[in-house]
Each structure stands twice: as C-alpha cells, then as structure tokens.
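Please keep the structure open beside it while you read.

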Amino acid sequence: MNYPNGKRSTKQSHAPKGKIKPDFSNRGMSLEEDINVTNQYYLEAGIAVVHKKPTPVQIVNVDYPKRSAAVIKEAYFKQASTTDFNGVYRGKYIDFEAKETKNKTSFPLSNVHQHQIDHMKAIEKHGGISFLILCFSPLDEVYLLPSSGLFLYWDDQWNGGRKSIPYAFVEKEGIQIPFHFQARVDYAAALDKLYF
C-alpha cells in the first residue's frame, strides 16, 4: 500500500525475531516459471540437473532494421514438441510435462497430445521416469501424477471413458507438492516418495 508520505507499507512477519517468514503472496508468474526457479535451485544445490526443452523453430523471414537488431517476421515449429522438461535425478532419467488448469474438479485430457503420450510411454519402456506436474489454479494446489495415472485415463477415453482426470484421482494417486521458498515446486521430494 502507498501512503501519502510516499512510504510503502511492509508486511509484518509473525515469525520469531531473527527469522524471516516467506511471503507467498507473489507466488511466481506461472507453474512453468516456478519450475524453472526450482530447477535452478536444484542445479546450484547439486540435487538434480533438469532443464526446459527448447522448442525447435525454423526461421523463415528476418528483418534487419538496424545492424545490431534483427526482427523475426516469420517462423514455424519444425516438429511437435515432446514434453516440457527433462534431466537426471538420483541417477535416473526424468521427463515430465507441466500443466495448469482453471478447473476445480478435473484435468481435461485435451491439454495433452498423443505425441506427448507416445513419448512418455517410450521413456517408461526404457526405464526412465515420466510424470505430470498438475496445477489446479483455483485451488492453489500442485500435484505430481505418475504417468501411469495419465495413461489409464488417456487410453480409456478412446473406449467411451471420460475425457478428463478427476481431481479426486489426482489427489489420491498423486503427491501434493507444497510451495517452498527456494524449491518452489519441490517435485524431487515427491519423486523420493514414489520411486526412491
């Protein structure tokens, strides 16, 4: 809040003197940004090496208004992307997709694509770990859901099953990931509970 004297108010912490209570009111711009911050923390702390995969783009038309600045006028995706993130944790290859939904009761399968499912199934076949990190935005809750849960609903939708994963299933079969100050989306702790 801005006061007439120009000074800004600061939130008072109810933590014991000398300890800083984290302020979660500005919880990152998005799930993906929170995961990027987490991955950077993991890298610096020697916990894991995980990076966001770049999307391959074919640049077709570039304008050079100045010698020092180029403006891309036209570009196309070279191929469909697989999943958002991959890397190594505790000697295992991990590969995952991060998704947010505004739905309170389910995660729509339309947010995932067949080529991503095929990629995740291939990862599992070769001994890697694949999973979804799901954020139910209205509930301010984030879960790690093993890909087996995703595959169950994905395959069943083609046989007349539902076209979404119920929140109750995610809550039961997934691991909730609480927000932390440094590792904002501490999925490594969830992986420890499920796989290690």
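The points below go from the overall fold to single residues.

1. **Basis.** This is a predicted model, in which local features need pLDDT of at least 70 and side-chain atom pairs count only at pLDDT 80 or more, while totals for chains, interfaces and linings use all residues. Residues are numbered from 1 along each chain as its sequence is written, and side-chain values use heavy atoms, with hydrogens and water left out.

2. **Overall make-up.** The protein has 5 helices and 10 strands. These are DSSP runs, numbered from the N terminus: helices are H or I with at least four residues, strands are E with at least two. Of the 196 residues, 36% count as buried. Buried means under 20% relative accessible area, exposed means over 50%, and partly exposed lies in between (1.4 Å probe, protein chains only). Take the contacts with a separation of 6 or more: residues 24 or more positions apart account for 62% of them. Contact here means heavy atoms within 4.5 Å.

3. **Main core.** In soluble globular proteins, nonpolar side chains tend to be buried together. The largest nonpolar core in this model has 24 residues. Such a core is a set of buried Ala, Val, Leu, Ile, Met, Phe, Trp, Tyr and Cys residues joined through side-chain atoms within 4.5 Å. Ile35, Ile94, Phe96, Phe131, Ile133 and Tyr187 touch the most other members. Two or more residues each come from α1 (31-45), β1 (48-52), β4 (85-89), β5 (92-101), β7 (129-136), β8 (141-146) and α5 (187-195). A second, separate core has 18 residues, including Leu134, Phe136, Trp154 and Phe169.

4. **Tyr187 and Asn39.** Look at Tyr187 next. Setting aside residues up to four places away in sequence, Tyr187 touches Ile35, Thr38, Asn39, Tyr42, Val50, Ile94, Phe96, Phe131, Ile133, Leu144 and Ile177. Asn39 sits in helix α1. Asn39 counts as buried because its relative accessibility is 5%. The side chains of Asn39 and Tyr187 are joined by a polar contact of 2.4 Å. A polar contact is a pair of N or O atoms within 3.5 Å; within protein, one must be able to donate a hydrogen and the other to accept it, and residues adjacent in sequence count only if both atoms are side-chain atoms. With residues up to four places away again left out, Asn39 touches Val50, Phe85 and Tyr187.

5. **The α2/α3 pair.** How do the axes of helix α2 and helix α3 cross? The axes of α2 (residues 114-125) and α3 (residues 147-157) come within 11 Å and cross at roughly 135°. Axes are lines fitted to C-alpha atoms, for helices over the stretch in contact, and angles run from 0 to 180 degrees between N-to-C directions. The two helices are therefore oblique to each other. Gln114, Ile117, Met120, Lys121 and Glu124 in α2 meet Ser147, Leu150, Phe151, Trp154 and Asp155 in α3. The buried residues of α3 are Ser147, Gly149, Leu150, Phe151, Tyr153, Trp154 and Gln157. Their cover includes α2, β7, β8, β9 (164-166) and α4 (167-173).

6. **Two backbone angles to check.** Most residues other than glycine have a negative phi. Arg90 has a positive phi, near 50°. Arg90 lies in the loop between β4 and β5. Asp140 also has a positive phi, near 55°, and lies in the loop between β7 and β8.

7. **What Arg90 meets.** Arg90 counts as exposed because its relative accessibility is 51%. Residues up to four places away aside, Arg90 touches Asp192 and Phe196. A polar contact of 2.9 Å joins the side chains of Arg90 and Asp192.

8. His119 is in helix α2 and, at 19% relative accessibility, counts as buried. Beyond four places in sequence, His119 touches Lys53, Thr82, Thr83 and Asp95. Pro166 is in strand β9 and is buried, with a relative accessible area of 15%. Beyond four places in sequence, Pro166 is in contact with Thr105, Ser106 and Tyr153.

Terms used
Parallel < 35°, antiparallel > 145°, perpendicular 65-115°, else oblique.
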